[in-house]
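Keep the structure in view while reading.

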Amino acid sequence: MKRFLLAVPLLLAACAPAYTGPAPAANEVIVEAVSPVNLGSRLSPEREAGVSSFAQISAMLIVQSQYNTGVPGGYDDFTFPDGSDSMKILSAKEAPIHVQVQWRATNPTSNNTVDVLWESRPLGGKLVSVKVKATASDASVKTQQIETRLLDRFLSATGIRLVARGK
């Protein structure tokens, strides 16, 4: 019995998807993305992972008032600055979804902005690379803190499991 209990973690690790690519960048995570809703067998694992990752990023924008985005006080909530043009699909029509999504928060008093660019790129199977890059027109805004908080929130989502994280 004792040997069986010791073998369980090894078996679980052996079943997890392996990532053998380059180490992720500081603002990048490699995740296993699985839809929290049953999509049936209509989508391949690659397509389901891409759709799940994109859906999580979109949902985060909607519920951002429920978590700390890292944006300083005085800024409005993030929005899509260019409407639907803020979401760019970079993949071919039938390929797993590779997308860039732009968010912007504005300080109405100073007109300073914080821009966030998300990129979700399928890596094969259920693995997805998710990058977030924050920039700000005000040099005192801690963009790395914003990136970290947004990635932490993304990683806490249902159906998202961390495989590798950049340092």
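## Salt bridges

Lys-133 counts as partly exposed, at 46% relative accessibility; buried means under 20% relative accessible area, exposed over 50%, and partly exposed in between, with a 1.4 Å probe and protein chains only. Lys-133 forms a salt bridge with Glu-147, and their closest N and O atoms are 3.9 Å apart. A salt bridge here is a side-chain nitrogen of Lys or Arg within 4 Å of a carboxyl oxygen of Asp or Glu. This pair links distant parts of the chain, with Lys-133 in strand β5 and Glu-147 in helix α3, 14 residues apart. Glu-147 counts as buried, at 10% relative accessibility. The model is predicted: local features need pLDDT of at least 70 and side-chain atom pairs count only at pLDDT 80 or more, while totals for chains, interfaces and linings use all residues. Residues are numbered from 1 along each chain as its sequence is written, and side-chain values use heavy atoms, leaving out hydrogens and water.

By this rule there are five salt bridges. One of them joins Asp-115 to Arg-104, with the closest N and O atoms 2.6 Å apart. Asp-115 lies in strand β4 and Arg-104 in strand β3, so the pair ties together parts that are 11 residues apart in sequence. Asp-115 is buried, with a relative accessible area of 15%, and Arg-104 is partly exposed, at 28%. Another salt bridge holds Arg-165 and Asp-152, whose closest N and O atoms are 2.7 Å apart. Arg-165 lies in strand β6 and Asp-152 in helix α3, so this pair ties together parts that are 13 residues apart in sequence.

Helices (H or I, at least four residues) and strands (E, at least two) are DSSP runs, numbered from the N terminus. Strand β3 covers residues 99–106. Its covered face holds Val-99, Val-101, Trp-103 and Ala-105, and its uncovered face holds Gln-100, Gln-102, Arg-104 and Thr-106.

Two strands pair if DSSP finds at least two bridges between them. β3 and β4 pair in the antiparallel sense over eight bridges, with Val-101 opposite Trp-118 in β4. The two strands form a hairpin with six residues between them, and Asn-111 in the turn has a positive phi of about 65 degrees. β3 also pairs with strand β2 (residues 87–89), in the antiparallel sense over three bridges.

## Aromatic pairs

Which residues do ring pairs link into a cluster? They are Phe-78, Trp-103, Trp-118 and Phe-154. Rings of Phe, Tyr and Trp (its six-membered ring) pair if their centres lie within 6.5 Å; planes under 30 degrees apart count as stacked, over 60 as edge-to-face and the rest as tilted.

The structure holds three aromatic pairs. The rings of Trp-118 and Phe-154 have centres 6.2 Å apart and planes at 50 degrees, so this pair is tilted. Trp-118 is in strand β4 and Phe-154 in helix α3, 36 residues apart. Both Trp-118 and Phe-154 are buried.

## Helix α2 and the whole chain

The buried residues of α2 include Ala-49, Gly-50, Ile-57 and Leu-61. The buried residues of α2 pack against β1, β3, β4, β5, α3 and β6, where contact means heavy atoms within 4.5 Å.

The chain has three helices and six strands. Of its 167 residues, 36% count as buried.
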